Amino acid sequence: MCIFVAYLKKTERIFMQEFLIKDLATYEGKQITLKGWASNKREGKGLAFIILRDGTGWCQCVVSQESVSEEVFNEAKKVTLESSLELTGLVVRDERQIGGYEIQVNNLLLIGTSPEYPIAKKEHGVDFLTDNRHLWLRSQRQWAIMKIRNRIIFAIHEFFQNDGFVQMDAPIFTGNACEGTSNLFETDFYGDPAYLSQSGQLYGEAMAFSLGKIYTFGPTFRAEKSKTRRHLSEFWMIEPEMIFHDIFDNMDLIERFLRAVVSSVLNDCKKELEIVGRDISVLENIIKPFPRLTYDEAVKIIKGEEDVNGKNAITSLEDEMKKVEARIIEINTDIAAREEKIKTPGMKKGEIGFNQAQIDKLKQELADLEEQARNIPQWLNSARNFEYGNDFGGSDETVLTRLFDVPIMVYNWPHEVKAFYLKRDPNDSRFARGVDTLAPEGYGEIVGGGERETDVNLLIDKINEHELPMQAFEWYLDLRRYGTVPHAGFGLGLERLVTWICKLPHVRESIPFPRMYGRLLP
Ligand code: 4AD
Ligand code: MG
């Protein structure tokens, strides 16, 4: 008989979790029943130590042969990594334990066995982990990221709802391209081509002309055939659209909005930020004003023609490259010396173990440094050769935002590199009133937006210039034909924000099941 059926027979019906690990403090000195999974297990003489996780937290549960029946102790012995189980025991305060409490178990029931759990303790490569994303999500770090993501989503709704915005759902099947034709996913819509939405903005504009201030919150799709740490094929975008807002009102809103969202995370996710190892001092800078730079000013900084707080983009990278190279030599020498030491006859076991642990640590640092040594020359190269008038690439954004410890806003872009719907700057027609918000610490663009063109003829010119099918945009042009008003909006990439807030090395960890070039499973 399978374990699960046996469990059901014993319990007759499934009861919900009455007690949760997050509430252990309220149950000190009491007997409670916890249900969850064994995220770790260790055995000692007559003892089994199980780290139980139940979705709300982790706690150590001790099964002592002396205080339980033989049947229960045998059941505990069957527990392996990620077995599911139910246990009953006394809640005891113990500062040294994870979460500060321990359960002294007197009964235990296995629910589901877990023979040879694929993600064991040892270090796995990121491809292996992503292949096993359905299991990887159970790890403490992924749990913390998903909790932070959830808090961000809630904070976004809180902010807009409290600010008088109405949430709207834009369609996913669309007949037109909002953000250019180069990265559309085409599908078959009853025999006609339809595209998965790249952005809900155009529909948001229509809705704003009914409700004043709206925001969308939905999945968006970009067929980007490149593997970068910033790009997903499917991501969630939040797009507010406001009537009677110009680019500067838009920037004020972006700043207020990001400040509110980051502050909520700082208030409510201290434990989770600690688990992901985030240095929160940078996040705390969110209360400072966001520097606003024109495209022209930003280009000067990237090219090293202007400094930021005494720091030069080019020379600071050159200095860093020198430091990285020197440290690589130092580490290699250190590793060689320790490896030599391990081989020395007569070395004690403890000393060998110590040196091996140091070598492993140094090798990890070396891998990170070697990646930097590959990246920095590329960043330098793109900064030195940046051509005025181009859009920023990932490297340019990295070079620029490494100089800041707070998000920055870059506005007034050459109109040729930005979307067709942006308003031409009335003071200088070379520029469009777009604004990108770039996260600091090298993260780059998290928000793109701007003021919208209101003149129907200028829009028609732009649609032709971008070689977009006019017929699919007729409805959009109606918004300008019938009672046009000044308006603006922006789009926040949810995963880019999660990635920066958690300081993740790659956007793939910011979404439950990433969809990227070369990745459709699990
Ligand atoms: O800058 P984008 O393309 O702007 C728009 O789509 C506008 N229609 C938004 C608006 O004004 N309503 O995209 C907005 C944001 C980017 O700043 C970035 O954060 C995110 O969406 N984004 C991506 N995130 C992950 N993977 C991708 N491939 C992304 N492309 C854009
Ligand atoms: Mg953009």
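**Exercise 1.** Determine the handedness with which α5 passes α16, and classify the angle between these helices.

*Solution.* Step 1: α5 passes α16 in a right-handed crossing; a crossing is right-handed if the near helix is turned clockwise from the far one by less than a right angle, and left-handed if anticlockwise. Helices (H or I, at least four residues) and strands (E, at least two) are DSSP runs, numbered from the N terminus. Step 2: helix α5 spans residues 140-162 and helix α16 residues 494-502, and their axes come within 10 Å and cross at roughly 125°. Axes are lines fitted to C-alpha atoms, for helices over the stretch in contact, and angles run from 0 to 180 degrees between N-to-C directions. Step 3: α5 is therefore oblique to α16 (under 35 degrees counts as roughly parallel, over 145 as roughly antiparallel, 65 to 115 as roughly perpendicular, the rest as oblique).

The model is predicted: local features need pLDDT of at least 70, side-chain atom pairs count only at pLDDT 80 or more, and totals for chains, interfaces and linings use all residues. Residues are numbered from 1 along each chain as its sequence is written, chains are lettered from A and ligands numbered from 1 in the order in which they are written, and side-chain values use heavy atoms, leaving out hydrogens and water.

**Exercise 2.** Describe how α7 crosses α16.

*Solution.* Step 1: the axes of helix α7 (residues 247-268) and α16 come within 12 Å, crossing at roughly 50°. Step 2: α7 is therefore oblique to α16. Step 3: the crossing of α7 and α16 is right-handed.

**Exercise 3.** Characterise the packing of α11 with α12.

*Solution.* Step 1: helix α11 (residues 313-343) and helix α12 (residues 349-384) pack at an angle of about 155°, and their axes are 8 Å apart. Step 2: the two helices, α11 and α12, are therefore roughly antiparallel to each other. Step 3: the crossing of α11 past α12 is left-handed.

**Exercise 4.** Identify polar side-chain atoms that approach a nitrogen atom of ligand 1.

*Solution.* Step 1: a polar side-chain atom of Ser 199 lies 2.9 Å from a nitrogen atom of ligand 1. Step 2: for Glu 239, a polar side-chain atom lies 2.7 Å from a nitrogen atom of ligand 1. Step 3: the backbone also takes part, as a backbone N or O atom of Gly 448 lies 3.3 Å from an oxygen atom of ligand 1.

Notes: Polar contact = N/O pair within 3.5 Å; in protein donor to acceptor, adjacent residues only side chain to side chain.
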